[in-house]
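Here is a briefing for a reader new to this structure. Take a look at the sequence and the model first.

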Amino acid sequence: MTGSLFKANFWSTDILSTVGYDSIIQHLNNGRKNCKEFEEFLKERASIEEKYGKDLLSLSRKKPCGQSEINTLKRALEVFKQQVDNVAQCHIQLAQTLREEARKMEEFREKQKLQRKKTETIMDAAHKQRNSQFKKAMDAKKNYEQKCRDKDEAEQAVHRSANVANPRQQEKLFVKLATSKTAVEDSDKAYMLHINMLEKVREDWQSEHVKACEVFEAQECERINFFRNALWLHVNQLSQQCVTNDEMYEQVRKSLEMCSIERDIQYFVNHRKTGQTPPAPIMYENFYSPQRNAAPPGKTTGPNVARRGPLPVPKPLPDDPDYSLVEDYTLLYQ
């Protein structure tokens, strides 16, 4: 902390000027406004973090993500969903932390406002007293100067009438001169009194100005330090959020490292297999074959039947009682 820059650099040669004081006050007002803006920034960031966390939580809990996977990949997905849920909770927690930091900033602003108010009240009173006393001193000076001019005119009138005025007129001029001299003495005393009072008021005002500068400079140092630390803490919280998220995602990576393609394939085979024998070839079947309907297509009842040759040509067997020739029949009734 410097401790003396404000009180050494914010003066004016004009006793009625408040340009130095006003410059400091404007700077402090800007600093307070900057703190307010950062406070609002933290609140807005908190709202964003909270909304993101809630949306992420809803996504994790409601949106399917590989729900029909099996074995090791299924376990990895379960870890993934859980860690996304954890990340969402972290963002919601971060939102609460940011709101707490915004509250601290607001409390700091209000504390400095109250501290400034006391000093500003004292300075406002000092300025009013200084201005009032300066006006009285200047009025007393004007009155004193006017009385001096009146005395000078009375003296000149006495000199001009020394040889031409009658005694009665000269007496009046001497009375006026004596009165003007008394008025000059009285106005001079009043003028000196007001100047002395103004000097005391000026010293008191300067003393208060120095105290105010020291208070305001200390406040500004405190504000800059607080603001700097608040910003530092904010980015640290954001960095920690990234670290925490990465640690959670690392759990997902570890679970993925345990994922085995071969084991998942074997698991599926073991739990979903339907058999090891494929269907037999579909063979040609002669309509006149006695084995034609022995088995349905695609089903086998024994060894494969060899493909047969062409059908034999029927031969007449006249000696066979169950065999008749075509010429033995007629389509006409006798």
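Helix α2 gives the most to the lining of the second largest cavity, with three residues. Helices α2, α3 and α4 each supply at least two residues of that lining. Helices here are DSSP runs (H or I, at least four residues), and strands are E runs of at least two, numbered from the N terminus.

This is a predicted model: local features need pLDDT of at least 70, side-chain atom pairs count only at pLDDT 80 or more, and totals for chains, interfaces and linings use all residues. Residues are numbered from 1 along each chain as its sequence is written, and side-chain values use heavy atoms, with hydrogens and water left out.

**Second largest cavity**
- A cavity is a set of points, on a 1 Å grid over the protein atoms alone, where a 1.4 Å probe fits but cannot get out; lining residues have an atom within 4 Å of a point.
- This cavity holds about 70 Å³ of space, where a volume is the space filled by probe spheres set on the points, joined across faces, edges and corners.
- Its lining includes T18, Y21, H127 and W205.
- The lining divides into five nonpolar, six polar and one charged residue.
- Nonpolar covers Ala, Val, Leu, Ile, Met, Phe, Trp, Tyr, Cys and Pro; charged covers Asp, Glu, Lys and Arg; the others, Gly among them, are polar.

**Residue H127**
- H127 sits in helix α3, residues 71-160.
- H127 counts as buried because its relative accessibility is 9%; buried means under 20%, exposed over 50%, and partly exposed in between, with a 1.4 Å probe and protein chains only.
- Beyond its neighbours within four places in sequence, H127 is in contact (heavy atoms within 4.5 Å) with T18, Y21 and W205.

**Largest cavity**
- There are two cavities of 30 Å³ or more, and the largest has about 100 Å³ of space.
- Helix α3 gives the most to the lining of the largest cavity, with five residues.
- That lining has three nonpolar, three polar and six charged residues.

**Whole chain**
- The protein chain has five helices and zero strands.
- Of its 334 residues, 27% count as buried.

Note on methods:
On a 1 Å grid over the protein atoms alone, a cavity is a set of points where a 1.4 Å probe fits but cannot get out, and a pocket is an open set with protein on both sides within 12 Å along at least five of seven lines; lining residues have an atom within 4 Å of a point.
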